[in-house]
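Here are my notes on the model you sent over. I went through the symmetry, the chain contacts and a few of the sheets, point by point.

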Amino acid sequence: MSGSAQTTRRSFFGLAGGVALLCTIGGEEIDVSAPGGLERADAAAARINKPRARAAQGLPQLQPQPGGIRREYWVQAEPARWAITPRGQDEWHGRATGGRNVFTAFVYRGMTPGFAGHLVDHPTIPGPLLQAEVGDVLVVHFRNADTKQGVTMHPHGVKYNPEYDGAYMGEFTRDGGFVAPGESFTYQWECTPDSVGAWPYHDHGPNHTLNSFRGLFGAIVVRPKGEKKPDRVFNLFAHQLSPPVTRLERNFHCFNGRAYAGNTPTLRARPGEDVELNVFGQDNNFHTFHIHGHRWKDAAGAFTDNPGFGANECVRARFVEDNPGRWLYHCHVFSHQDVGMAGWYLVE
Amino acid sequence: MSGSAQTTRRSFFGLAGGVALLCTIGGEEIDVSAPGGLERADAAAARINKPRARAAQGLPQLQPQPGGIRREYWVQAEPARWAITPRGQDEWHGRATGGRNVFTAFVYRGMTPGFAGHLVDHPTIPGPLLQAEVGDVLVVHFRNADTKQGVTMHPHGVKYNPEYDGAYMGEFTRDGGFVAPGESFTYQWECTPDSVGAWPYHDHGPNHTLNSFRGLFGAIVVRPKGEKKPDRVFNLFAHQLSPPVTRLERNFHCFNGRAYAGNTPTLRARPGEDVELNVFGQDNNFHTFHIHGHRWKDAAGAFTDNPGFGANECVRARFVEDNPGRWLYHCHVFSHQDVGMAGWYLVE
Amino acid sequence: MSGSAQTTRRSFFGLAGGVALLCTIGGEEIDVSAPGGLERADAAAARINKPRARAAQGLPQLQPQPGGIRREYWVQAEPARWAITPRGQDEWHGRATGGRNVFTAFVYRGMTPGFAGHLVDHPTIPGPLLQAEVGDVLVVHFRNADTKQGVTMHPHGVKYNPEYDGAYMGEFTRDGGFVAPGESFTYQWECTPDSVGAWPYHDHGPNHTLNSFRGLFGAIVVRPKGEKKPDRVFNLFAHQLSPPVTRLERNFHCFNGRAYAGNTPTLRARPGEDVELNVFGQDNNFHTFHIHGHRWKDAAGAFTDNPGFGANECVRARFVEDNPGRWLYHCHVFSHQDVGMAGWYLVE
């Protein structure tokens, strides 16, 4: 999208599916796409007081099923300066991307036990991958660092008590539904037989839409007990980073916070490897996911190379790699693939 | 969506997926989103004369299969003053909704035999649930009361002769494809083995788009012969009520004609109950349907908690309730969930 | 869509899903929806030189599996004057369509061996149907005639080496990824067991989005070895022809390059016939496909009469015809069905 004011305005429509980006934040409704909207949204979120905890009798301690374990993760929400196009180049079309396009994202950061330090040197979008097997309990120690507003972690797919829903619900909010700045909360999520699959997690606090749009999301993968993992697992989030959220001039259609091939994840596999891709929607748009040179069986048993999906849906591809080469992967919505939603898959 | 003229204009894009709300009504094409468009659309529809009936040899009388029955319903189309936010409050975010937001809807009203009276005291959106089993014939006595234009009932999923299609087709219109104001028509629809499922019905007369948008839709559920019904069946229509249709200042994303938790249906179930949800698209948008704390197996055998669907598609959820609490259900398209497309599911 | 300048501007949003129609073409990014954008896009594409071929060791010659054959097609890309509404009438609503609405399309033209002549007298959108069975090799001799820019054929579903991907990738482009004006290239695609299905092919050269939007697409159908073909096979592409692409005043929602019943394909079948419909998305929108009077089992085993699909997805319907009459088929997105995306299905 060009940097003209006109197109920047148009990008607001792009962001919100044809309407202003309206967020209901506590007692206020704010158009984040209006001038100063981002700051007003954050200020409104900062004004919301933590609701009274409702679990008078304390939080339930969940035990894994026989043979299962408690899988502990330490995750911290924090702001991060983030480059959408770190290479400054679209390798598909051989075109400059107009710099690195840096904005202030919010990220889920993997931490060492006790929040002693960062697990990896650099922030990531999506946040850390949470993995478990049926019968396990996912124990996520979550800390809200420096976001200046209440945030949470809300999981899909796993089973949880209301205390571990991680959803702000105004006066009906339960303990895990509002984690104030500087506070921490431990979520406990059960991996039941019907949790098998790949699922998103994301902020579901008072400012969830804006915070999800600026990076507070990640993936959970639950497998049957003892199932062999694929040789390669790739998790890709299709989403949009638009002027209302980034305050940059341009609109970007992204995978994992990056736009344009060479900036988006470059996936690598070798012939004979068992490859799994989990592709999630994380914006207001619907998408289709295409990999050149490959096709696979969907859950219904039909062959596909380009399934459709929407916000917080996941489509899964699984195949034994058999086709060496440099391949494009991209969303097949034309207006997305040409504005960054594409990348490389290299088989050598 | 704010009430500013700018955003109201934007809402037109929201309604029609990025373009004006254009309706082809008989010989005219009218932009309902333009000032006075609603009135012009109704006037154009009122000018259309009933096409010549085509069933010279009379209408077929359909008999149920052995063991099946004729299930008779009496349904009347009528205008109704309708409050989109009757409580005046968004219980999720604890925010006032700016009054009750009343507009003139068109509704399908369940009637007693002979159209003697209303089955229920108040109009409903959706219209009455039509239920049958394989082998039955659905016999729907339909009356057009006071809409001042030809309307119909067009069903999905069931089998029908052209006379019972309920679709206006200009000079090719069959008997049931145009029911003039004050007239009635009896539809006969066969429930075949491949009719098993949940399906929408809606107006398919000359002004079908505008009339579907303002409330002329409902649900049909066909089950296998003798199958036990779930303990709880919930039918939810995801749709938009926008300024061009309501003449209100704001745009609303709705379930069943209501917007914001506490106004949208509050669903209730008890642990151990067999619960079925049928969720239909009824606007120009695509949606995903998420219930917190729950997941289920889709038709393909994969587990989901957030399937996608489009206009007049239906996604079905079925599970044995096992998770007490107050849960949110909502469309996971961020720009829909924050503008009303959410509600409560209470398990006690 | 009305011809007003205002609505024409709105149609740009319609085309690109809420943003300008931005195309990345080699080193340039062009807003095709801006005045003169179409010409600038073609000029930018014409400036791109053919990348250096990468297959130093020559192109692989692929052999069919035992019992399979090499199925040869000759296809030429060429411009064509194309009428979107050749009848000048919408037979559904009995309304004039404002003339034939002719624009300059690009089409894939079926040719006789050696490109000696056209297989059929008139251009078609979609291009020629490519049919094969598992074990076959599809051999497509492709010629770029008169498009004044590099174009290609990129297939879905079949298996191909990088040389036969038909995708422009800048400096990483392989032989078949850029076929210059006047040049020809022979693609060889393997029909593997997981190629069974209906798939699109389309231009994937430097100007792929614009060229796909103006007609460079077609269908591939691969069946299991020896499987009996249905009595009737219909391939329908749901797509948009908008002012930025056509330079006409109006926006059209189309099946196979035509808009409004009587112009879109009129499908015909007889009772007892085995009928297959393959419906593809070929624009930025998501659609649902409905046929009145019919329903079928989807790949998951659920019954449907209105499945959703996105860009370059295909939904398939298969049924034994049992319901004589004149039926509407249409996209059930209201803003599409009323602006041309509808047609007739006649069973006699």
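1. In which sense do strand S22 and strand S23 of chain C pair, and over how many bridges? Keep in mind that this is a predicted model. S22 (residues 325-331) and S23 (residues 342-347) of chain C run antiparallel, with six bridges between them. If you want a spot to look at, find C:Leu328, which has C:Trp344 of S23(C) standing opposite.

2. In chain C, five strands line up in the order S15-S23-S22-S17-S20, forming an open sheet with mixed pairing. At its edges are strand S15 (267-269) and strand S20 (308-309) of chain C, each of which pairs on one side only. As a reminder, strands of a sheet pair through backbone hydrogen bonds, and they can do so parallel or antiparallel.

3. Now the symmetry. Chain B superposes on chain C by a rotation of 120° with 0.0 Å of shift along the axis, at an RMSD of 0.0 Å. The two copies are thus related as by a three-fold rotation axis. If you look in chain B for the C-alpha nearest that axis, you land on B:Ala300, at 2.6 Å.

4. Do the copies meet through the same surfaces or different ones? Different ones, because only 6% of the interface residues of chain B are also interface residues in chain C.

5. Take the B–C contact next. Chain B puts in 51 residues and chain C 47 residues, and the buried area between the two is about 3,900 Å², with carbon and sulfur atoms giving 58% of that. Four salt bridges are found across this interface; one of them joins the side chains of C:Arg250 and B:Glu29, at 3.2 Å from N to O. There are also 27 residue pairs in polar contact between chain B and chain C. On the chain B side, at least two residues each come from helix H1 (5-16), strand S1 (22-25), strand S2 (28-31), strand S11 (197-202) and helix H3 (208-213). H3(B) has the largest share, with four residues. By class, that side of chain B divides into 22 nonpolar, 21 polar and eight charged residues.

6. Then the B–A contact, where chain B brings 47 residues and chain A 51 residues. Here the buried area is about 3,900 Å², and carbon and sulfur atoms account for 58% of it. The count of salt bridges between chain B and chain A is four, and among them is the one between the side chains of A:Asp194 and B:Arg295 (3.1 Å, N to O). Polar contacts come to 27 residue pairs. The elements of chain B giving two or more residues to this side are H1, strand S17 (287-291), strand S19 (303-304), strand S22 (325-331) and helix H5 (334-337). The side of chain B that touches chain A has 16 nonpolar, 21 polar and ten charged residues.

Conventions
Residues are numbered from 1 along each chain as its sequence is written. Chains are lettered from A and ligands numbered from 1 in the order in which they are written. This is a predicted model: local features need pLDDT of at least 70, side-chain atom pairs count only at pLDDT 80 or more; totals for chains, interfaces and linings use all residues. Side-chain values use heavy atoms; hydrogens and water are left out. Contact means heavy atoms within 4.5 Å. Buried area is the accessible area (1.4 Å probe) that two parts lose on being put together, summed over both. A polar contact is a pair of N or O atoms within 3.5 Å; within protein, one must be able to donate a hydrogen and the other to accept it, and residues adjacent in sequence count only if both atoms are side-chain atoms. Ala, Val, Leu, Ile, Met, Phe, Trp, Tyr, Cys and Pro count as nonpolar, Asp, Glu, Lys and Arg as charged, and the others, Gly among them, as polar. Two strands pair if DSSP finds at least two bridges between them. Copies are superposed by least squares on the C-alpha atoms of residues with pLDDT of at least 70 in both.
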